[in-house]
Amino acid sequence: MTTRTISIDGQRLWQSLMDLAKIGATPKGGNCRLALTALDGQGRDLVVGWMKEAGLSVRVDQVGNIFARRAGRNDALPPVMTGSHIDTQPTGGKFDGCYGVLAGLEVMRTLNDAGVQTEAPLELAIWTNEEGSRFVPVMMGSGVFARKFSLETALNARDADGKAVRDELRAIGYAGADPVGGRPVDAYFEAHIEQGPILEHENKVIGVVTGSLGLRWYDVVVTGMEMHAGPTPMGIRKDALLAASYLVQAVIDIANANQPHGRGTVGEIHAHPGSRNVIPGQVRLTVDLRHEDEATLTRMHESWRQAAQDVARRHGVTVEVKDVQYFPPTPFDPDLVGKIRDGAAARDLPRMDIVTGAGHDAVYMAAVAPTAMIFVPCKDGISHNEIEDARPDHLEAGCNVLLDAMLARAGAARP
């Protein structure tokens, strides 16, 4: 058998996904398996057991990242890595993150079945606390691995109940001894459901991810004056909510002016004091701006800052804008992107180039090693939701492309 004819076992991949989904299953068919809870520990135990059954050597680092290694003929070479996460949102689905981990495992199992040894070693990673729904910072394990923040920052992070990451790692048995990062990685691939509607809308099976959108987050406080809604004439009000409505429109206008990749969202808005007959004196809101081009994202940032000043002046209020987080746009490695594109073409799979608007561990890993991602469709573009769904044949197709791309990078050892 040549490596060109190898295909993964789609039924085995699907069954693994369904078996993992039983841990933390929710009434609507999704998952609640928050990072470093007992349920996360059970999920880790299950997948680590499968890794060992596949003959992989397993190591755990100090932030709880799990690495399963399949030896190469030249085992001194840096590994070709794949992976994702198995922690979920409180009302998460069965596929977000889990697909990338179990697709990587299925690649290893398939190579075992076919008796194929790669020239370079392969590694499968399970990253700690990707979702950030229990602990901040988000994408914690890959962030420490990539030196985006310190190990101590991660270990000292606490949840809403005051429980620290370092203690919860010990509680579930995943406080590893290995140092985090600091070792060479030849390449990193990540398979994932799209978490958006584009592939389904375009009737494509494979999204060849060329990079990630940059992101800027802001916290905004608009301060006016609470006054009685009845006696106060319209012309002399300092209505914080009215001013905030113009800020919301400015965010949308900025995004629309920078298509096709401009994004603008006001995700939270809170008016004070929240009484029907009191003019709101203060409004707090969040703003999220995104674009794939750094220069364009900078212009969007500048436009937003100017809009905030203009609204404050016109409405006689103060607008305080605080920069909360910045992720620069991340282009993925052209060679790895090409290997994904080639794999999809060789299998005659409908495909398209796409950028990711969501954060993934791959975004941090791109600072460590050449990186690329593979997307497959999810039903109606829905994710971070218990009803998240994906077709078994699409998941199989994406895993086959992952197999082809990893083999192309790692090389099949000659007998």
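Which residue forms a salt bridge with aspartate 40, and how far apart are the closest N and O atoms? The partner is arginine 44, with the closest N and O atoms 3.3 Å apart. A salt bridge here is a side-chain nitrogen of Lys or Arg within 4 Å of a carboxyl oxygen of Asp or Glu. The structure is a predicted model, in which local features need pLDDT of at least 70, side-chain atom pairs count only at pLDDT 80 or more, and totals for chains, interfaces and linings use all residues. Residues are numbered from 1 along each chain as its sequence is written, and side-chain values use heavy atoms, with hydrogens and water left out.

The overall fold was described next. The chain holds twelve helices and 16 strands. Helices (H or I, at least four residues) and strands (E, at least two) are DSSP runs, numbered from the N terminus. The radius of gyration is 23 Å, close to the 22 Å that the globule rule gives for 415 residues, so the chain is as compact as a globular protein of that length. This radius is taken over C-alpha atoms, and the globule rule is 2.2 Å times the number of residues to the power 0.38. Along the principal axes, the C-alpha atoms fill a box of roughly 85 × 45 × 40 Å. Of the 415 residues, 54% are buried. Buried means under 20% relative accessible area, exposed over 50%, and partly exposed in between (1.4 Å probe, protein chains only). Contacts (heavy atoms within 4.5 Å) were also counted. Among those with a separation of 6 or more, 79% come from residues 24 or more positions apart.

The annotated site was then examined. An unreviewed UniProt entry lists His85, Asp96 and His192 under "binding site". UniProt positions are given in the numbering used here, feature names are shortened, and annotations may be inferred rather than shown by experiment. The three residues span 108 residues in sequence, yet no two of their C-alpha atoms are more than 10.2 Å apart, so they gather at one spot. Asp96 and His192 belong to the lining of the largest pocket. On a 1 Å grid over the protein atoms alone, a pocket is an open set of points where a 1.4 Å probe fits, with protein on both sides within 12 Å along at least five of seven lines; lining residues have an atom within 4 Å of a point.

Aspartate 96 sits in the loop between strand S3 (80-84) and helix H3 (98-114). Its relative accessibility is 6%, so aspartate 96 counts as buried. Beyond neighbours within four places in sequence, aspartate 96 contacts His85, Glu131, His192, Ile193, Gln195, Ser383, His384 and Glu388. Its side chain makes a polar contact of 3.3 Å with the side chain of glutamine 195. A polar contact is a pair of N or O atoms within 3.5 Å; within protein, one must be able to donate a hydrogen and the other to accept it, and residues adjacent in sequence count only if both atoms are side-chain atoms.

Histidine 192 belongs to strand S5 (residues 187-193). At 1% relative accessibility, histidine 192 is buried. The histidine 192 side chain reaches the backbone nitrogen of glycine 97 at 3.5 Å.

The whole structure contains 23 of them. Aspartate 40 and arginine 44 are four residues apart in helix H2 (residues 38-53), and therefore about one helical turn separates them. Both aspartate 40 and arginine 44 are buried.

Glutamate 123 pairs with arginine 183, the closest N and O atoms being 2.9 Å apart. This bridge links distant parts of the chain, 60 residues apart: glutamate 123 lies in strand S4 (residues 122-126), and arginine 183 in the loop between helix H6 (165-172) and S5. Glutamate 123 is buried, at 4% relative accessible area. Arginine 183 is partly exposed, at 29%.

In helix H6, arginine 170 and aspartate 167 lie three residues apart, about one turn of the helix. Their side chains meet in a salt bridge of 2.9 Å, N to O. Arginine 170 is exposed, with a relative accessible area of 52%, whereas aspartate 167 is partly exposed at 37%. Elsewhere, salt bridges that share partners join Arg69, Asp75, Glu123 and Arg183 into one network.

Glutamate 168 is also placed in helix H6. Glutamate 168 is buried, with a relative accessible area of 14%. Leaving aside neighbours within four places in sequence, glutamate 168 contacts Leu36, Arg134, Phe135 and Lys163.
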